[in-house]
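Colleague: I would like to go through this model with you, starting with confidence and then moving to a helix pair and a loop residue.

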Amino acid sequence: MRKKKTMLQKLLKGFLYVFSGFVALFLILAIYLYCVAIDYPPKPKDISSEQLQRSELSPGFYTIKNNWFRKSKSGLYELYVEGQPFERGVINGKLTKEQVVKQEDYFTSQIVKMVPSKFYRSFLKYFVAWFNRDLSKNVTEEYKEEIYGISQSASDKYKYIGSNYQRIFNYHGAHDIGHALQGMALVGCTSFGTWDARSQDGTMIIGRNFDFYVNDDFARDKIVAFYNPAQGYKFMTVTWGGFIGAVSGMNEQGLSITINAAKSTLPTGAATPVSLVAREILQYAKNVNEALQIAKKRKMFVSESLLIGSANDKKAVVIEKTPTTYDVYDPNSNYIVCTNHFQGNSLVHTKENIEQMNNSASFYRYNHLMDLLKNNGKNTVQKTIDILRDTKGLNNANIGIGNEKSINQFVAHHSIVFEPQKLKVWVSTSPWQLGEFVCYDLKKVFALKGMKKDQEIIDSNLTIPPDTFLNTRIYKNFVAYRNIVQRVNDDKKIDPDSLIINNPQYYNAYIVAGDYSFKLKQFNKALGYYQHALTKVIATKEEEASVKQKITKCNKKLGV
């Protein structure tokens with residue numbers, strides 16, 4: 001009896017040791033997560049700009065000193081800011097306060113859809129803090145101060161995610177994380193350029209679609225921002241409220257930059273967001289070599305292509321960068337094409353890049369773009385925009401509206417065209433890249449001394465008209481198709497055949513119809529939709545494999 005009692009005591013003691021170890025480990029982890037989640041904002045030397053207040057000269061037209069913000073007749077918002085980093089941020093935030101708040105509303109509403117549990121969303125801030133534990137070390141004090149200034153205007157209602165500064169700071173890595181996580185769609189941006197004999201007037205023309213999609217609301221309030229920083233060159237970008245990074249932009253030296261995601265492995269922690277690398281290049285580089293020196297010294301946590309157009313070099317190159325190395329792709333020609341795979345000698349044959357070329361839509365889109373350039377003859381701004389709006393596949397094939405293998409995938413946040421040697425830029429207006437492309441002459445914009453309430457800075461003589469595709473039945477059917485897909489996402493009843501009727505050549509219409517029917521246990525009907533999907537041009541190998549798995553599931557349910 002005593003032996004049994006002794007044995008029981010030993011087991012209990014051992015259990016307590018193990019349990020205590022787990023508790024201690026949990027406490028250490030909890031303390032660590034709490035510590036990394038603590039807000040460590042920068043400490044600007046001069047914070048007097050916090051006292052500045054905006055003036056509303058007319059409805060929606062705000063000014064602070066020489067800085068101004070308003071909505072133009074085109075539907076695009078326009079912003080001009082100048083000064084030191086913290087001052088720029090404070091003024092930016094106060095001028096665009098409504099946009100800063102709305103964009104975070106749109107962004108977090110998407111997070112709520114992805115993570116419905118409030119408890120898990122509260123815990124998410126600790127995970128994000130851990131993931132971004134080294135982010136602050138990889139961002140310059142200048143940009144931390146500017147972000148801190150903007151964060152003064154952020155909403156307090158999302159403090160469960162993190163402090164205002166933490167949230168606005170961390171959002172600058174959203175593009176990188178969205179492309180790094182393989183569970184999320186790596187939607188493909190497209191960019192290209194021509195110069196010398198390939199352009200009708202011999203000057204450089206660069207076009208790009210920025211296919212970064214959060215939701216329709218997020219893409220609606222685009223800001224064309226003009227910066228006059230106390231240090232560096234003046235530049236413009238297309239951006240959104242609360243964001244100081246650059247995804248598409250050009251500076252007063254005629255150096256343009258666009259970013260295109262490439263295949264990345266899953267990162268274990270954040271480094272420098274690519275948008276801040278691009279921003280630094282815009283602000284401090286006047287030629288390709290200076291852009292490369294900046295890119296080389298910044299550690300990134302995803303793989304990215306940065307297409308640099310340089311008026312001073314009279315050519316364009318692609319800086320290809322991974323978390324561990326870099327390359328420069330110089331076509332040594334008078335044109336350049338960039339989708340979502342590497343082309344430089346040292347990276348083109350890597351495992352990740354070969355997988356990207358074989359399995360994604362990138363190489364298909366690259367070949368389609370090459371054909372369009374070849375068939376269009378000498379390039380112009382209008383021809384560049386026509387390519388950016390193209391909805392077809394190879395050999396002008398109808399592959400469905402919205403297919404990722406098309407140049408125009410109907411997810412673009414914005415589309416843009418640069419003429420670096422002329423310092424002119426065209427920016428798309430809604431919807432997607434189908435509305436007008438309005439022109440800004442950077443020489444004229446940066447020569448302005450203040451802004452009058454009715455003063456236009458768009459060069460209306462150079463406006464490119466809306467795409468006539470907007471007037472077609474195909475476009476109207478596509479809008480109806482998107483609305484039906486949204487009803488499916490909202491768990492509302494639909495007729496699955498209506499998806500097919502409105503977008504008959506798009507493989508995903510059949511997949512959505514099949515998933516809807518499968519959920520209703522209409523397995524025979526779902527099987528038919530999935531089988532039909534395989535007869536269409538599917539964007540990626542992963543999606544094709546997924547459809548085949550769904551067919552197998554249907555057959556099992558049907559006892560085949």
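Colleague: What pLDDT does the protein chain average?
Modeller: This is a predicted model. Of the residues, 89% score at least 70. The average pLDDT for the protein chain is 90.

Colleague: Over which residues is the pLDDT below 50, and how many contacts beyond near neighbours in sequence does the stretch have?
Modeller: One such stretch is residues 21-37, where the pLDDT is below 50. Beyond near neighbours in sequence, residues 21-37 have 13 contacts in the model. Residues 182-186 also have a pLDDT below 50, and the count of such contacts for this stretch is nine.

Colleague: Are helices H2 and H5 roughly parallel or roughly antiparallel?
Modeller: The axes of H2 (residues 85-95) and H5 (residues 141-151) come within 6 Å. They cross at roughly 30°, and angles under 35 degrees count as roughly parallel. Therefore H2 is, relative to H5, roughly parallel.

Colleague: How do the residues of the contact of H2 with H5 divide into nonpolar, polar and charged?
Modeller: H2 contributes residues including Phe86, Arg88 and Val90. From H5 come, among them, Glu142, Tyr148 and Ile150. The contact residues divide into five nonpolar, four polar and four charged.

Colleague: Is Asn461 buried or exposed?
Modeller: Asn461 sits in the loop between helix H14 (442-446) and helix H15 (473-489). Its relative accessible area is 73%, and the cut-off for exposed is over 50%. Asn461 is therefore exposed.

How values were computed
Residues numbered from 1 in each chain as written. Predicted model: local features only at pLDDT ≥ 70, side-chain atom pairs only at ≥ 80, totals over all residues. Heavy atoms only, no water. Helix = DSSP H or I, 4+ residues; strand = E, 2+ residues; numbered from the N terminus. Buried < 20%, exposed > 50% of the residue type's maximum accessible area, 1.4 Å probe, protein only. pLDDT = per-residue confidence, 0-100. Contact = heavy atoms within 4.5 Å. Axes fitted to C-alpha atoms, helices over the stretch in contact; angles between N-to-C directions. Parallel < 35°, antiparallel > 145°, perpendicular 65-115°, else oblique. Nonpolar A, V, L, I, M, F, W, Y, C, P; charged D, E, K, R; others polar.
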